[in-house]
Amino acid sequence: KALLQSGRPVVASVAPSFIAEFPTRDFAAMRRALLQLGFADAEETAIGAAIVKTEYERMVASGEHDVIISSCCHSINALIQKYHPLALPYLAPVLSPMLAHCKRVKQQQPGAATVFIGPCISKKEEAELYGECDVALTYEELEAWMNEAGVVPAGDSTEPDEGKRGRFF
């Protein structure tokens with residue numbers, strides 16, 4: 001809320017699993033709800049998944065790596081870093097979809113802040129550690145905020161295709 005009041009444009013990056021948590025399967029309805037809360041824009045984190053997929057394809061095609069450990073899960077990456085350091089050379093140096101998407105937003109909109117919204121509390125630490133994402137909120141936190149503001153993501157509309165396939169990531 002403080003970030004929204006800062007005067008900077010704030011863009012929400014919403015995890016694809018929003019369809020399981022909120023009463024809509026339509027991202028446009030979710031975007032409208034976030035705009036009502038004061039966000040300048042909202043996009044699906046699945047856009048970042050497409051960026052990540054392309055980077056993994058590049059790594060595999062290069063043939064430079066015999067073994068690649070891939071994970072978009074910060075908890076798994078932290079586990080490897082803390083308890084399996086011998087596996088670190090195999091951990092792919094690829095951003096998570098959250099970080100890749102937030103980085104893209106900031107490249108396209110210099111000066112914008114980003115807020116990731118998703119189901120996992122571990123994303124809070126990831127956002128704090130890597131700096132591409134300014135704030136991470138859980139769905140529970142967003143639901144409480146929406147309830148407080150009387151905002152409900154509902155309604156039907158025609159969605160653009162960008163990000164939709166990435167929901168399956």
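Q: What joins β1 to strand β2 (residues 41-44)?
A: Four bridges join the two, which run parallel. Strands pair when DSSP finds at least two bridges between them, so β1 and β2 count as a pair. Within it, Val11 stands opposite Asp41 in β2. The model is predicted: local features need pLDDT of at least 70 and side-chain atom pairs pLDDT 80 or more, while totals for chains, interfaces and linings use all residues. Residues are numbered from 1 along each chain as its sequence is written, and side-chain values use heavy atoms, without hydrogens and water.

Q: How many bridges join β1 to strand β3 (residues 113-118)?
A: There are five, and these strands also run parallel. Val10 stands opposite Ala113 in β3.

Q: Why is strand β1 (residues 10-14) called mostly covered?
A: Five of its five residues are buried, that is, under 20% relative accessible area (1.4 Å probe, protein chains only; exposed is over 50%, partly exposed in between). Val10, Ala12 and Val14 are buried on one side, and Val11 and Ser13 on the other.

Q: Why does Ile76 count as partly exposed?
A: Its relative accessibility is 39%, which lies between the 20% and 50% limits, so Ile76 is neither buried nor exposed. Ile76 is in helix α5 (residues 74-83).

Q: What makes up the largest nonpolar core?
A: This core has 31 residues, with Met30, Leu34 and Leu142 among those with the most contacts inside it. Helix α3 (27-37) gives the most, five residues. Leu142 touches Phe22, Met30, Leu34, Leu37 and Ile117, not counting residues up to four places away in sequence; contact means heavy atoms within 4.5 Å.

Key:
A nonpolar core is a set of buried Ala, Val, Leu, Ile, Met, Phe, Trp, Tyr and Cys residues joined through side-chain atoms within 4.5 Å.
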